[in-house]
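Here is a short report on one protein model. Look at the sequence and the coordinates first, then read on.

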Amino acid sequence: AVIADATNTDPKSQKELQRLPPSKASAVDVALRLAAQSMLKKATGEEALREALQEDAVLGEDVATACRYLAARLCAPRDMGAP
């Protein structure tokens, strides 16, 4: 569901957020797996990213874009004081 939302070409909410094209779904998957891996394994982000990029043949730039989207999508400014 998260990957589908991040690559949705016709979102119902938060339309101001820049989503990724459907062809970049694998980059969103890598971003999510990296977040989970870093919480579970205590691997450094750099190590985990390097491994994921080699295994999945995605561009680091696409993973970074996916991370920015996910951070913006999940941010609740009313609760966190973020802009």
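Gln14 counts as partly exposed, because its relative accessibility is 25%. Gln14 sits in the loop between α1 (2–6) and α2. Its phi is near 45°, a positive value in a residue other than glycine. Most residues other than glycine have a negative phi.

**The whole model**

This is a predicted model. The mean pLDDT of the protein is 81, and 83% of the residues score at least 70. Confidence is highest in α1, at 94. Confidence is lowest in helix α5 (residues 77–80), with a mean of 58.

The protein has five helices and zero strands. Read from the N terminus, the order of elements is α-α-α-α-α. Of the 83 residues in the protein, 28% are buried. The accessible surface is about 5,700 Å², and carbon and sulfur atoms account for 56% of that surface. Take the contacts between residues at least 6 apart in sequence: 55% of them join residues at least 24 apart.

**Helices α2 and α4**

Both helices have end-to-end spans close to the expected values.

| Helix | Residues | Number of residues | First to last C-alpha | Expected span |
|---|---|---|---|---|
| α2 | 25–41 | 17 residues | 24 Å | 24 Å |
| α4 | 60–74 | 15 residues | 21 Å | 21 Å |

Which residues of α2 are buried? They are Ala27, Val28, Val30, Ala31, Leu34 and Gln37.

In α4, the buried residues are Asp62, Val63, Ala66, Tyr69 and Leu70. Seen down the axis of α4, these residues fall within an arc of 120°, so they line one face of the helix. An α-helix has 3.6 residues a turn, so residues three or four places apart point the same way. On the other side of α4, Glu61 and Arg68 are exposed.

**Asp62**

Asp62 lies in helix α4. Is Asp62 buried or exposed? Asp62 is buried, because its relative accessible area is 13%, and buried means under 20%. Which residues does Asp62 contact, leaving aside its neighbours within four places in sequence? The contacts are Leu20, Lys24 and Ala27. Ala27 is also one of the buried residues of α2.

Technical notes:
Residues are numbered from 1 along each chain as its sequence is written. This is a predicted model: local features need pLDDT of at least 70, side-chain atom pairs count only at pLDDT 80 or more; totals for chains, interfaces and linings use all residues. Side-chain values use heavy atoms; hydrogens and water are left out. Helices (H or I, at least four residues) and strands (E, at least two) are DSSP runs, numbered from the N terminus. The expected span of a helix is 1.5 Å times one less than its number of residues. Buried means under 20% relative accessible area, exposed over 50%, partly exposed in between (1.4 Å probe, protein chains only). The arc is that of the directions from the helix axis to the C-beta atoms. Contact means heavy atoms within 4.5 Å. pLDDT is the predictor's confidence in each residue, from 0 to 100. Accessible areas come from the Shrake-Rupley method with a 1.4 Å probe; for residues, only the protein chains shown count as cover.
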